[in-house]
Amino acid sequence: MKKLSFLSILLITVLLISACSFSDPDEPSTEGEEASGYELITVANPADITTLDPHNNSVITTSAVLVNMYSKLIQRDASGEIIPDLATNWEKVDDVTWEFELEEDVTFHNGDAFTAEDVKFSLERVATDTTLQQNSTFREIDHVEVVDEHTVRVVTGEPDPQLLSRLSTPAASILPANHFEEVGADEFFDNPVGTGPYQFSAWERDDHVELVKYEDYFVEEPKWETVHFAVVPEDSTRVSELLTDGVDVAFNIPTADMERIDENEGTHVALAPIQRVIQLWLSTEEGATTADPAVREAIDLAIDNQVIIDEILLGSATATRTHVTPGNFGADESLYDTYLYDPERAKEILAEAGYKDGVTVEISVNNYYTEMAEVVVGMLDEVGITADIELIEQSQFADRLFNEDLDEGVFVGWGNDMFDGSILELFKEDNVTSYSNEEVEALLDEAAYNMNEEERAAQYQEVQQIFAEERPVVYLFQLEGRYGVNDRIDYTPRLDELYYVDEITLSE
Amino acid sequence: MGYLKRSLLQIIPSLLILTLIVFALVYVAGDPVSQMLPENATAEDRAILTEALGLDEPFHIQYLQYLGDMIRGDFGTSYQYQEPALELVTERLAATLTLSLMALSVAIFISIPLGILAALKRNTVIDFLVSGISVVGKAMPNFWIGIMLILFFAVMFPIFPVSGADSPLHFVLPSITLGVALAAEMTRLVRASVLEVIEQEYVQTARSKGQMESIVIGKHVFLNSLIPVVTIIGLQFPQLIGGAIVVETVFSWPGIGRLLLTAIETSDMAVVQAIVFVIALITIVVNLVTDIIYRVLDPRIKYN
């Protein structure tokens, strides 16, 4: 009897809850007009945005949202080419000065007209305030000159071949000078305005960010009425949301769910290379086993990159022998989409170098890449290299990495925000692996200030060839971004992992 | 009142020690700077930001600075969010408390009827069934329950929404997920407690007077067996908030649990401190309230 009454109460409660008609905020009302399909798009990210301040952020999932609100002088297209944004034209005046002609008739979301003063204010803000996370990217900028209302000159302290790369990152977003100074940073970012296609509407912390169409966008009328960036941290939940039409795009889906999403009616998986390259840094410090070039070569030859790609990533990666992959300045394509694997030769090399009893190597890895590192350990074991893994939680890993307090092998995934060969400076003097090569130093030093693009690209390519030969780092593969996509939309993921929502259209 | 005053005074040293421990742990665990900067930042870039944030000061200076600010009500600013830490916590607190209270209701709603039933039908199939179910309920990790509930009741049979916290329907699956383990524990406790009370002389007396069984159970047994249940609710409430960290992640619930997780991952000291402080405060308040409810339920308990 007791059990029965308990069940009936449960039933009544459920019925009562279902009966209350709560309007779902995810479904904007479309009464009275025919739905075009462009009413709402929902993109699910694993993490919430951390800030609305583009100058104080270095998290891609945050940038991916903010690029829809703010514009920059220039931007990159999906393949990485630099194209106009707020600037219509630009040219190098001399080695330290670049001149930009600006779009006219552009307004911020609050109605303020966009002028050269806004560019000066925004770039100088991020270049001078050392508490901002992106200050390091813009410190090369000495000042910005306003030539006239629609022309600016950006002046750097030293010749800076990377200036255009810097100005095309989301961190170079332009904010309205007058309005910002009038209300102050705190109030401004409570209700931020930019010149992008979508304007800020609401940020429900850890739930979603809502953007709405900005009718007066200077390029063209934006496609979508409302954009939701939903926060769904748990992978399996994000997949479930996709399968139940709760979201249109689910970022970073587990490889294990790829087949399920493709087989489900109404969803598919979209893959695209991203900037992250998985790599194994090898210490060349005296005393380390890996200081011997023979051991480093044997490690390279022992690893079958394609097996890891096929088995763990189900094909969603491309083998590489360089960090500077296609789409990045100075890429050496002869080192891309290829890898060395010859376990027999690896054994020979070790034998020739006199390691009769095998070699022991310690490898540090963080919790993101443990599974891959374990497979590598198995492969090393096959050729007589005993590898011990030290698993370190991510926040400590970053800390210890920069304090050079990790093992002789460091298994990491590393991006390249600047799309530039200068990422190779990771192995410039005083680096984590203690690698030192005078030729590399000279090439990197020159390339850093070389304004001749052709020469500069050749310098980076030479460094990549030297690294491939000397192996202070063994590159394994470039990852692909894995997106679950609803069939109702047409979405091609980008190399930079940003969502320019207006590039997403309804399927034909 | 003396008791209350003494308890309140004891809170201050406890909280002080707590802030020191948490501060030391976060300090040792990692450095926020390396995670705040872009990947191509140099050692010089890190030094500049470290100095700008005041993180180059020695531990004790940083701690005293923090403590001084805290006493003035300033819990510091989050590195990640660049906003006052306490504000970040308070704006998410309601979501976590609501979830915890809903889970508690689910637990009470399941455990009291089942516990009483099991006790009354002692050593029958029903009793074994209830005991078995509670063992299983206790043994299942709640992230797994959450994922299974989503799979069955949101994907295969789309009755409830998958995740989020927009409407009352969104409450159902997370509350059940978080409440199941507590329900299992409480069911066993209610059963044991009812069995103990049922043997008491006053219950026998009530029965021998010829009172209806439902009155005997409802009036004499039920209320008296509640005392240990209240204890366990008081003890379990902070654990419920701990469990919320996992459940909030599974169901994308915008509460402090998820905030804490991100803050620990990014060594966001101010936020970790503020959350631990708030949870500690809630624990203390809940314990006080539990003590007071005791007195109401059982006038024999006196505090001196």
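Author: In chain B, residues 93-120 are 100% helix and 0% strand, with end C-alpha atoms 40 Å apart. Helices (H or I, at least four residues) and strands (E, at least two) are DSSP runs, numbered from the N terminus. The model is predicted: local features need pLDDT of at least 70, side-chain atom pairs count only at pLDDT 80 or more, and totals for chains, interfaces and linings use all residues. Residues are numbered from 1 along each chain as its sequence is written, chains are lettered from A and ligands numbered from 1 in the order written, and side-chain values use heavy atoms, without hydrogens and water.

Reader: Which annotation covers residues 93-120 of chain B?

Author: The unreviewed UniProt entry gives "transmembrane region" for them, and also for other spans, including 167-184. UniProt annotations may be inferred rather than shown by experiment; their positions follow the numbering used here, and feature names are shortened. Residues 167-184 of chain B are 89% helix and 0% strand, with 27 Å between the end C-alpha atoms.

Reader: Is D105(A) buried or exposed?

Author: Buried means under 20% relative accessible area, exposed over 50%, and partly exposed in between (1.4 Å probe, protein chains only). D105(A) is exposed because its relative accessible area is 74%. D105(A), also not a glycine, has a positive phi of about 60 degrees.
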